[in-house]
Amino acid sequence: MNKISAGWVNGFIGVVIFAGSLPATRVAVMDFDPVFLTAVRATVPALIGAIVLIAFKQKVPDKQYLASVVVTALGVVVGFPLLSALALQHITSAHAIVFLGILPLLTAIFAVWLGDKRPPMMFWLFAFAGSAFVAGFAALSEGHSSMLGGLFMLGAVVTCALGYAEGAKLTKEFGGWQVISWSLIVSLPIMLPLAIFTRPESVANVSMTGWIGLGYVSLFSMFIGFIFWYKGLAQGGIAAVGQLQLLQPFMGLMLASLLLHETISLSMIVSTLGAIVCVAGAKKYAV
């Protein structure tokens, strides 16, 4: 398997893992405060990352990379987890999941801005078309959907895209698990005290599903998924492999339906199927 093909495989594994993030967050936020949830899901993997970095004797990144590590942390450790948790207090995970369809386009834009290779025009046409399906869903979504929840999700995907692009660039220097580990560690001086300060007075009433959701977003969404995702982006190209995110809403909608028994509307299905067609086209024309 060549490097580019390996990048698509690793990227796909990362997307599969990330697909469970919003349903898991939706479950966890029913029992935990969004700020506490954000702080804990960053603190737990930060401690794991620190242990792994020490065990494998990884050197601290030079000062020239510090700003990039901080930007990555602000995007994927703080921005997306917090804003998506806030959004899920107002909208269903099924509604929030479809907003993820604009992540590939935003990631590609940030990637080019940060110096990644420039894809051809046909790639951009498919990327914009995939995002159009998502935008169409957002515009035609049910009237009872919260505009505030939608704004939170929009902010979440913008910050996430920047964190993806910046982190993928760093992965070429350090490796995927090292990048997410250092990003988590940079956030730890803030996240650990925040987790302690916002902790619930009692966890006696926390449901089993709440604990499972917290465990999933802490271990899989915030650590293991990024190992595959950043490696895939670095191997296959940020803008190109990033289009795999168009498949994430489809996977997430199925999980939301199966696990949370949320209603999946026809508009959600149509927009997601359109996104799948577009990711196939984007892959064909990515260079």
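H3 is followed by Lys57, whose phi is positive, near 55 degrees. The model is predicted, so local features need pLDDT of at least 70 and side-chain atom pairs count only at pLDDT 80 or more, while totals for chains, interfaces and linings use all residues. Residues are numbered from 1 along each chain as its sequence is written, and side-chain values use heavy atoms, with hydrogens and water left out.

Reader: How do you know that the span of helix H3 agrees with its 22 residues?
Author: The expected span is 1.5 Å times one less than the number of residues. For residues 34–55 that gives 32 Å, and the end C-alpha atoms are 32 Å apart, so the two agree.

Reader: What makes Glu166 and Lys169 a salt bridge?
Author: The term requires a side-chain nitrogen of Lys or Arg within 4 Å of a carboxyl oxygen of Asp or Glu. The closest N and O atoms of Glu166 and Lys169 are 3.2 Å apart, which meets that limit. By this rule the count comes to one salt bridge.

Reader: Why is Glu166 called buried?
Author: Buried means under 20% relative accessible area, exposed over 50%, and partly exposed in between (1.4 Å probe, protein chains only). Glu166 has 6% relative accessibility, so Glu166 counts as buried. Lys169, at 31%, therefore counts as partly exposed.

Reader: Why is Leu266 called exposed?
Author: Leu266 has 64% relative accessibility and therefore counts as exposed. Leu266 lies in helix H13.

Technical notes: Helix = DSSP H or I, 4+ residues; strand = E, 2+ residues; numbered from the N terminus.
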